[in-house]
Amino acid sequence: MVIFNMECPIGFRGLSLLFLTSTASARSIVKERDPVPDGYVAAPYYPAPYGGWADDWSDSYSKAVEVVSQMTIAEKVNITAGTGIFMGPCVGNTGSAPRFGFPSLCLQDGPLGVRSTDNNTAFPAGITTGATFSKELMYQRGVALGKEFRGKGANFYLGPSVGAIGRKPRGGRNWEGFGTDPVLQAVAGSETIRGVQEQGVIATLKHLIGNEQELYRMYNPFQQGYSSNIDDRTLHEVYLWPFAEGVHAGVGSIMTAYNAVNGSASSQNSYLINGLLKEELGFQGIVMTDWLAQISGVGSALAGLDMSMPGDTIGNNVPLFGYSNWMYELTRSVLNGSVPVDRLNDMATRVLAAWYQLGQDKDYPPPNFSANTADRVGPLYPGAVVSPSGVVNQYVNVQADHKVVAKQVAQEAITLLKNNGSLLPLSTSSPLFVFGTDAQADPQGINSCTDKSCNRGLLGMGWGSGSANYPYLDDPISSLKRKAANVTYYATDSFPSVATPTSDDVAIVFINSDSGENTYEVDGNHGDRDATGLKAYHNGDELVQKAAAKYSNVVVVVHTVGPIVMEPWINLPSVKSVLVAHLPGQEAGDSLTEILFGEVSPSGHLPYTIPVSEDDYPASVSLVATPLSQTQDTYSEGLYIDYKHFTKAGIAPRFAFGHGLSYANFSFSNASITATTPLTQLPPARPAKPASPLAALNTTIPAASEAYYPAGFSRIWRYLYSWLPENEANEARAKAGNGTASTYPYPEGYSPTQRTEVTAAGGANGGNPALWDEAFRLKITVSNTAAAGTTPGKAVAQAYVQFPADAGVETPKVQLRDFAKTGEAVKPGESAELELSISRKDVSVWDVQAQNWVVPSVGGRYSIYIGEASDKFGVVCYSDTLECEAAST
């Protein structure tokens, strides 16, 4: 790591700004971007709507407004940005307002566990959680995550991730999310938010929006981040859907993406933040940048950004130079009139309101760990080089009994793809021959690679900021040896010389496929699987093929971030059973072997489609790149990603979205459907939008003295402060004159006046509340018809909606709208009842002309298919006759 001496910050800031303006402006170094295609527009939407008008946030906003009304400009600014990278215990650390008892807030990765610390649980990844199809486990995992983040003193959980949604099968961070369907992402994300925030931790839903590949994602002085070009309907029905549901669940914070959307950077995209998130979805919380992603000061503030993380940037400058687009620069911009005072008031109030909303003003613990070092004593501000030291790690154990839910998630996600001849479950007395390094923990140490930035040993999680340290790792080979009498392990990915097998011998072959964040390169992959594609790492296909040529009974276990092409071996006669164990985290051993030996039946279902060939995907979801320009990534496939594309194109996948076998044998019967809320083409009118308490705050530009450095104040090297030297504050305030004029070149369409008109689709906490009215309720009986003595299993019912033929609008053939899983394993000969719910929004489409959710055929026949996968339905129910029958597909 390179650290720059920032003892003289003003001089260095001047030098860095001079460098940027003379050599690194977008037009002088970066090539003109590839043109954004016609029809993809980031329309201006100003000003940023005030928060504070949702009933369930009113108490928190009242408290926040009271505090903000007494704050100086420097205090307000100080809580809206980080103090700089590596300038505190956490990956992000806000400034504080000690006069009001408001501490520096700790923002900490990541979606599957507290990153860069100890005595934590390494939970299964999001993609694994999605594969459980269990709402209860999604919630319970969130509860456990929230307890661990609170126990470590982290105010923000930087998760869950619902973007990337998995549009690109090679996408590097798909595994952090829950699967390639917006409803699966929405349900899992919302349950996670609910579990985390019930512990008083602020969840951060990310990444808004279109962050579907890692390559060329970030803006920097030499390269613009790629532009995800998404049409209005696709944006609403696919990519914004899980964010809307997260807002409906009450999420306290949302993180923007690195990339642009329709040509405008996500962190300063006024249509995305102001128009969609804060107005249409009525979001009351904090909008923050991804790390180092901010590329402007005034522009991002006007566009609705509320928090800059970690305070400095790589978007238009160099980290560790002590430069910030906000902090002291935001103070300057408010003093000189460029940023209206009411915008700063709203930013600061949103930060405080989220803090109050989650009860963090009462007995919330401070951070007791350091994300920068494992040592007990260390620098308090390691980015400063010369820093005061103290105790930075207290080694607080927050694991409690969370390994129980971690193991259950890992186990209920395991997806049985194939089981010819009912080879599984195995007998513990069978001779087992195990191949592949993925069966064992990394021999160099389970945490030997920073942020899991290597593929060595078992793949329990992908790499990057979404990873966490293992407290321990229960690996499959250790578990196999504990449970089985005769296990031989070949710790190699090259098939060794073996004795001639008998017909009773079973080979278990472990293979994997990895990806992560584009902060590291692993085996030639730059986050995305750009080098390996959808192939197993380390010649895994060849390992399976050679094992299948030698043994007559082969079980393949796959740990993977997403789909892999299995054609080189899936139809080999010896390959009788295939299990996808996804990314199991620390509990990779017993969670798997209990299924291999029949103690538990597999109940996972694929959260994505596995293709026959990578060529089966539309060309538009390939990785794209135009170096030294702005890459244009156009979503020309529209709504048709993953299974929706395969169905439309008539392409049979190898294994469909939702597929998953069991040792049990389930059948569906006794289905019923009830209409619960009468439908109309348009939803009932949204409630009136109440006035915000922010309107009462003083909006006069304050005196320059509110921004002066305190007398005798001793600065920390390159720490970011909101104060200005007296002469700079005076100069800025003088430019504002009487406080009513500004010469700032505001963007097209800008107005400082709060809008009085409201969007028809809008409303507090996710949009018009009528969208969540239940339209239909379904009940179904699931029976286990397997032979007596078979391992009981948990059943999953998936509900897919098919729109009426006379809807007058094109829709995917079927779309997942709900799912349910039995709470207990169903024994042979027994049954359980499951309930499913279809909302108004589920039977609506986004009308780009009306700018509203429209039921296209109120009295038409909606067919609601219930089954075990997107290509395997047992029952279909009809909305017009309220009858159900056996499905023909």
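Biologist: Which residues in α7 meet Trp241, Pro242 and Phe243 in α8?

Modeller: This is a predicted model, in which local features need pLDDT of at least 70 and side-chain atom pairs count only at pLDDT 80 or more, while totals for chains, interfaces and linings use all residues. Residues are numbered from 1 along each chain as its sequence is written, and side-chain values use heavy atoms, with hydrogens and water left out. Helices (H or I, at least four residues) and strands (E, at least two) are DSSP runs numbered from the N terminus, and contact means heavy atoms within 4.5 Å. The α7 residues that meet Trp241, Pro242 and Phe243 are Leu235, His236, Glu237, Val238 and Tyr239.

Biologist: What is the orientation of α7 to α8?

Modeller: Axes are lines fitted to C-alpha atoms, for helices over the stretch in contact, and angles run from 0 to 180 degrees between N-to-C directions. Under 35 degrees counts as roughly parallel, over 145 as roughly antiparallel, 65 to 115 as roughly perpendicular, and the rest as oblique. Helix α7 (residues 232–239) packs against helix α8 (residues 241–248) at about 55°, with axes 5 Å apart. That makes the orientation of α7 to α8 oblique.

Biologist: How many nonpolar residues are in the contact of α7 with α8?

Modeller: Ala, Val, Leu, Ile, Met, Phe, Trp, Tyr, Cys and Pro count as nonpolar, Asp, Glu, Lys and Arg as charged, and the others, Gly among them, as polar. Besides one polar and one charged residue, the contact has a nonpolar count of six.

Biologist: How many residues of strand β20 are buried?

Modeller: Buried means under 20% relative accessible area, exposed over 50%, and partly exposed in between (1.4 Å probe, protein chains only). Strand β20 (residues 774–784) is largely enclosed by the rest of the structure, because its buried residues number nine of the eleven.

Biologist: Which residue in β23 does Lys779 stand opposite?

Modeller: Two strands pair if DSSP finds at least two bridges between them. Strand β19 (residues 666–675) runs antiparallel to β20, joined by eight bridges, and there Ala675 has Phe776 as its partner. Nine bridges link β20 with strand β23 (residues 831–839), again antiparallel. In β23, the residue opposite Lys779 is Glu835.

Biologist: What is the relative accessibility of Met327?

Modeller: Most residues other than glycine have a negative phi, and most peptide bonds are trans. Met327 has a positive phi of about 45° and lies in the loop between α10 (298–302) and α11 (328–335). Met327 counts as buried, with a relative accessibility of 0%.

Biologist: Is the disulfide of Cys90 and Cys106 left-handed or right-handed?

Modeller: A disulfide is a pair of cysteine sulfur atoms within 2.5 Å, and Cys90 and Cys106 have theirs 2.0 Å apart. The pair ties together parts 16 residues apart in sequence, because Cys90 is in the loop between α3 (73–78) and β1 (92–93) and Cys106 in strand β2. Both cysteines, Cys90 and Cys106, are buried. The torsion about their S-S bond is about -105°, so the disulfide is left-handed.

Biologist: Is Cys884 buried or partly exposed?

Modeller: Cys884 forms a disulfide with Cys877, S to S 2.1 Å. Cys877 is buried at 0% relative accessibility. At 25% relative accessibility, Cys884 counts as partly exposed.
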